Amino acid sequence: MKLFKEIHHTLEQILTIQRELQERQLQLQERQLQLQEHQIQQREDIGRLIQLVDRLIDQSVKNESQQLFLEDRMNALEQRKYRLESND
């Protein structure tokens, strides 16, 4: 009878440990899913940031181009003014 109790007790301990391991495995799987979702969100955020940077670069290039155009026009106007003043 004592042997039976010892075996029974040992089996209960094994089952308890197995249940704890299964619970821990479920927790780890849930955490892994959370991390995967977070990673997906970060990728989406990075994609949006890249698009924003691309737009900012494009806008900067356009502004620089426009500034150069305006500088050329100002230079042309100054030269024209200088020629008109020289002809007077």
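This briefing covers the overall form, surface and selected residues of a single chain. The model is predicted.

**Overall form**
- Helix α1 takes in residues 2-87.
- Along the principal axes, the C-alpha atoms fill a box of roughly 130 × 10 × 5 Å.
- Q32 and R43 give a local distance: they are 11 residues apart in sequence, and their C-alpha atoms are 16 Å apart in space.

**Surface and burial**
- The accessible surface of the chain is about 8,900 Å², and carbon and sulfur atoms account for 56% of that area.
- Of the 88 residues, 0% count as buried.
- L3, I7, L11 and I14 make a nonpolar surface patch of about 380 Å².

**Charge**
- The chain carries 13 positive and 16 negative side chains.
- The centres of these two sets lie 3 Å apart.

**Selected residues**
- L3, one of the residues in the nonpolar patch, is in helix α1.
- L3 has a relative accessible area of 56%, so it counts as exposed, the cut-off being over 50%.
- Q32 also has its place in helix α1.

Key:
Residues are numbered from 1 along each chain as its sequence is written. This is a predicted model: local features need pLDDT of at least 70, side-chain atom pairs count only at pLDDT 80 or more; totals for chains, interfaces and linings use all residues. Side-chain values use heavy atoms; hydrogens and water are left out. Helices (H or I, at least four residues) and strands (E, at least two) are DSSP runs, numbered from the N terminus. Patches are made of residues with over 30% relative accessible area and no salt bridge: like charges are joined within 9 Å, nonpolar side chains (Val, Leu, Ile, Met, Phe, Trp, Tyr) within 5 Å. Accessible areas come from the Shrake-Rupley method with a 1.4 Å probe; for residues, only the protein chains shown count as cover. A salt bridge is a side-chain nitrogen of Lys or Arg within 4 Å of a carboxyl oxygen of Asp or Glu. Buried means under 20% relative accessible area, exposed over 50%, partly exposed in between (1.4 Å probe, protein chains only). Lys and Arg count as positive and Asp and Glu as negative; His and the chain ends are not counted. The place of a charge is taken as NZ of Lys, CZ of Arg, CG of Asp or CD of Glu.
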